[in-house]
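I opened my notebook to look through this one from the inside out. Here is what I looked up, in the order I went.

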Amino acid sequence: MTDSDPLPTTPVCSARGCRAPAIWALRWNNPRLHDPERRKTWLACAEHRQSLGDFLDARGFLREVASMDQSPTLDP
């Protein structure tokens, strides 16, 4: 991003190369690195919700999936 590039006003999907608006919040943590109550958040569009969730779940990191408007880790 350069100084002339505007920041997105709508959160976008965390999948590599995807610029679609995010509608899901995938809350996760790595138990080897994070305290049990800590949550990190990846955002997902409808198309990437399953693949991002599968990636986190396969590693035992996925804790919950919520719609963006119901995620306590995101500011309204």
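I began with the packing of helix 1: its buried residues pack against strand 1, strand 2 (40-44) and strand 3. This is a predicted model, so I kept the confidence scores at hand for later.

Next I asked which residues of helix 1 are buried. I noted Leu52, Gly53 and Leu56. They sit on the same side of helix 1, because they cover an arc of only 100 degrees around the axis.

Then I looked up the largest nonpolar core and found 11 residues in all. Leu52 and Leu56 belong to this core, and other members include Cys13, Cys18, Cys45, Trp28 and Phe61. Strand 1 (24-28) and helix 1 each supply at least two residues of this core.

I stopped at Cys18 to list its contacts. Leaving aside neighbours within four places in sequence, I found Cys18 in contact with Cys13, Cys45 and His48.

On to the rings. How many aromatic pairs does a search of the whole structure find? I wrote down 3. Trp28, Trp42, Phe55 and Phe61 form one aromatic cluster. Over the face of Phe55 I also found Arg59, at 3.5 Å from the ring centre.

After helix 1 I checked the backbone and noted that Gly60 follows, with a positive phi near 75 degrees.

Last, the confidence page. The protein chain averages a pLDDT of 87, and 82% of the residues score at least 70. A reminder to myself: where pLDDT is low, the predicted coordinates should not be read in detail.

Key: Residues are numbered from 1 along each chain as its sequence is written. This is a predicted model: local features need pLDDT of at least 70, side-chain atom pairs count only at pLDDT 80 or more; totals for chains, interfaces and linings use all residues. Side-chain values use heavy atoms; hydrogens and water are left out. Rings of Phe, Tyr and Trp (its six-membered ring) pair if their centres lie within 6.5 Å; planes under 30 degrees apart count as stacked, over 60 as edge-to-face and the rest as tilted. A charge sits over a ring if NZ of Lys or CZ of Arg is within 6 Å of the ring centre and within 35 degrees of the ring normal. pLDDT is the predictor's confidence in each residue, from 0 to 100. A nonpolar core is a set of buried Ala, Val, Leu, Ile, Met, Phe, Trp, Tyr and Cys residues joined through side-chain atoms within 4.5 Å. Buried means under 20% relative accessible area, exposed over 50%, partly exposed in between (1.4 Å probe, protein chains only). Helices (H or I, at least four residues) and strands (E, at least two) are DSSP runs, numbered from the N terminus. Contact means heavy atoms within 4.5 Å. The arc is that of the directions from the helix axis to the C-beta atoms.
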